[in-house]
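Welcome, and thanks for opening your viewer. Let us walk through this protein together, one selection at a time.

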Amino acid sequence: MSPEWLIVGGGIHGVHLAARLIIEVGLQPDRLMIVDPADRLLDRWQSCTEVTGMQFLRSPSVHHLDVHHASLQYYAGKKQIRKTDGFAEPYARPALKLFNDHSYQLIQSLGLDALHKRDRVVSSKPHRSGVMVKLAREGWLEAQNVILAIGASEQPSWPDWAPRGHDRVHHIFDPGFSGWPTAEGEKVTVVGGGISAAQVALRLAERGHQVRLVTRHEFRVHQFDSDPGWLGPRERVDFDRQKQTSRRREIITDARHRGSIPPDVSLALRRALQEKKILWDQQGVKELFSGDEMLGVQFEDGRVMEADRVLLATGFSPVRPGGKFIDQLVDFADLPCAECGFPIVDGGLKWHSRVRVTGPLAELEVGPVSRNIAGARIAGERIVSTVKEQSWKKSVKNSISNVIQGRAGFLRPRTRKTITPTINSD
Ligand SMILES: Cc1cc2nc3c(=O)[nH]c(=O)nc-3n(C[C@H](O)[C@H](O)[C@H](O)COP(=O)(O)OP(=O)(O)OC[C@H]3O[C@@H](n4cnc5c(N)ncnc54)[C@H](O)[C@@H]3O)c2cc1C
């Protein structure tokens, strides 16, 4: 099968883009393929959110995977979900369960599971009329258009001091994470200063473990991970006007509240600290010693703390995602990249006439919210509007050429007709 559209990545962004193409562009589902190695769509979203124990999303209820902004609210009403169960104030942030149910209902209603190829794209070679795509298991196929929606969740950020492959040192966002305590009342050191570290620490404390939270900085309390002004023109004007990609990168870095926690999580954390259910060290980690029974976590101030296990909640690496696959694509098609390595794309998020991007790969165009659900929605709007414009231009061109051909065709018989009677009358 040669799909008209192939989406690489079946996460939040890939699923939303698929919905936009089917609902707004009118793409026939059998012309679309979503390639993702997981057994089910949204797998990385499911496992990363599940591990934190979060009950509600950080983003508001208008940020979901369907096209109409009120779809999630409408779904909750139809399911008669009480407002207090379904949403948390402020900003009516949806419950994770409600968000997931709504997402799976969308996947089901559009039949996206049937379009999901459980495979990994390992290479892609764009040319003028399409893209050759190599799947790890099934080999080469050709798609007319590709959207890269690969996210960053396959690259958890590992501090230099943390050994990989140690049975008591784990990253909570590692695919296949299996690092939960195996005994009661374990001493667990959670490393990280953001919302996920705080949520995991609270989760472990509730289960009766002795939790030590290690953050490099004070708690940074922000409702969202960037100012909501970025969703409209208020914050965007300067960014959009900026042609220098290095300046755009600076604006993104400044605008993101990295390692921040919203007020409700901050409150729960402060309560747990007061009740000594969680101990907190504002310290950098220098080294990790591994003994037979215990681990020794050495801080930069020289102190060494004992731990049964260390859980890293240090987020994702900020480098361009996609590894060798994207490196080779850049080399093969000579695609433009900024100093930071990220794609330089046009307003319709085109990196190549046949390759579009969303998520982290689109951030120099979409801005600080690019990785979030809001970023998926902005990318969806931009991609769909240029696809529609393109197909409108194509259909106008076709109509004009039909009219020209039709007129020629129309003139010919008329000429003949006028000639024939003349001949007949002769
Ligand atoms: C715990 C947590 C909570 C969050 N909460 C919120 C929130 O409340 N609101 C919000 O707006 N955002 C939130 N985010 C941020 C963001 O929305 C999520 O990280 C989201 O999952 C990003 O979606 P994605 O599709 O870009 O990436 P992913 O979910 O990572 O999906 C990308 C998919 O592409 C696949 N892939 C990668 N490479 C290839 C390849 N070569 N071939 C095929 N497939 C490939 C991956 O395996 C993966 O399945 C949260 C993030 C986390 C971690």
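This is a predicted model: local features need pLDDT of at least 70, side-chain atom pairs count only at pLDDT 80 or more; totals for chains, interfaces and linings use all residues.

**The whole chain.** Show the protein chain as a cartoon, and you can look for 12 helices and 21 strands. Along its principal axes, the C-alpha trace spans about 115 × 50 × 45 Å. Of the 426 residues, 39% count as buried. Now think about contacts between residues at least 6 apart in sequence: 66% of them join residues at least 24 apart.

**Two domains.** Next, colour 5-154 together with 318-391 as domain 1, and 169-222 together with 257-312 as domain 2; these bounds come from the domain assignment. The centres of domain 1 and domain 2, taken over C-alpha atoms, are separated by 31 Å. Where they meet, 8 residues of domain 1 are in contact with 10 residues of domain 2. On the domain 1 side of this meeting place you will find 3 nonpolar, 3 polar and 2 charged residues.

**An open sheet.** Now select the strands β5, β2, β1, β9, β21 and β20, which form an open sheet in that order, with mixed pairing.

Zoom in on β1 (residues 5-8) and β2 (residues 32-35): they run parallel and are joined by 4 bridges. For one example, pick V8, whose bridge partner in β2 is V35.

**The nonpolar cores.** In soluble globular proteins, nonpolar side chains tend to be buried together. Which residues touch the most other members of the largest nonpolar core? Select A18, V190 and A201: they do, in a core of 84 residues. Helix α6 (residues 195-206) gives the most to this core, with 8 residues. Both domain 1 and domain 2 supply at least three residues each.

Stay with A18 for a moment. Leaving aside neighbours within four places in sequence, A18 is in contact with I7, L32, I34 and L112. For your last stop, select F56, Y75, A95 and F99, which are among the 9 residues of another core that lies apart from the largest one.

Notes. Residues are numbered from 1 along each chain as its sequence is written. A nonpolar core is a set of buried Ala, Val, Leu, Ile, Met, Phe, Trp, Tyr and Cys residues joined through C-beta atoms within 7 Å. A residue is buried if 20 or more other C-beta atoms lie within 10 Å of its own, exposed if 12 or fewer, and partly exposed in between; C-beta atoms are placed from the backbone. Helices (H or I, at least four residues) and strands (E, at least two) are DSSP runs, numbered from the N terminus. Domain bounds come from an automatic or database domain assignment. Two residues are in contact if their C-beta atoms, placed from the backbone, lie within 7 Å. Ala, Val, Leu, Ile, Met, Phe, Trp, Tyr, Cys and Pro count as nonpolar, Asp, Glu, Lys and Arg as charged, and the others, Gly among them, as polar. Two strands pair if DSSP finds at least two bridges between them.
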